[in-house]
Amino acid sequence: MGTLLTFLAVALVTMIAAGVVISLVGMVFGLAVGLAQFLLFKVAPIMFLGWLGLKIFDKVRSRRRISVSDQRWLDGG
């Protein structure tokens, strides 16, 4: 009878431990998915619009900003 109770106690402790581990893994997974959604749907569009604005601004300016000495060096003189 004692062996059966020991087996039952070990099984109960194992199931509780497995439940805690599975819930922790689920919590970490949920946090990771939430962070990914935040970055993908909140941060990425703002960064994309900023990058697009900089590209358009650079295209409109279309002037090269280089010093005279650098231009001479590039020309080989």
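The chat below walks through a predicted model of a protein chain.

Trainee: How many helices and strands does the protein chain have?

Mentor: The protein chain has two helices and zero strands. Helix α1 covers residues 2-61, which is 60 residues, and reaches 86 Å from its first C-alpha to its last, close to the 88 Å expected at 1.5 Å a residue.

Trainee: Switching to overall shape, what is the radius of gyration?

Mentor: The protein chain has 31 Å, whereas a compact globule of 77 residues would have a value near 11 Å. The C-alpha trace spans about 100 × 30 × 10 Å along its principal axes.

Trainee: What share of the residues count as buried, then?

Mentor: Of the 77 residues, 0% count as buried. The accessible surface of the protein chain comes to about 7,300 Å², and 76% of that belongs to carbon and sulfur atoms.

Trainee: Which residues form the nonpolar patch on the surface?

Mentor: The patch is made of Leu-12, Ile-16, Val-20, Leu-24, Met-27 and Leu-31, which together have about 600 Å² of accessible area. One of these residues, Leu-24, has its place in helix α1.

Trainee: Why does Leu-24 count as partly exposed?

Mentor: Leu-24 counts as partly exposed because its relative accessibility is 45%, and that class lies between buried, under 20%, and exposed, over 50%.

Methods: Residues are numbered from 1 along each chain as its sequence is written. This is a predicted model: local features need pLDDT of at least 70, side-chain atom pairs count only at pLDDT 80 or more; totals for chains, interfaces and linings use all residues. Side-chain values use heavy atoms; hydrogens and water are left out. Helices (H or I, at least four residues) and strands (E, at least two) are DSSP runs, numbered from the N terminus. The expected span of a helix is 1.5 Å times one less than its number of residues. Patches are made of residues with over 30% relative accessible area and no salt bridge: like charges are joined within 9 Å, nonpolar side chains (Val, Leu, Ile, Met, Phe, Trp, Tyr) within 5 Å. Accessible areas come from the Shrake-Rupley method with a 1.4 Å probe; for residues, only the protein chains shown count as cover. A salt bridge is a side-chain nitrogen of Lys or Arg within 4 Å of a carboxyl oxygen of Asp or Glu. Buried means under 20% relative accessible area, exposed over 50%, partly exposed in between (1.4 Å probe, protein chains only). The radius of gyration is taken over C-alpha atoms; the globule rule is 2.2 Å times the number of residues to the power 0.38.
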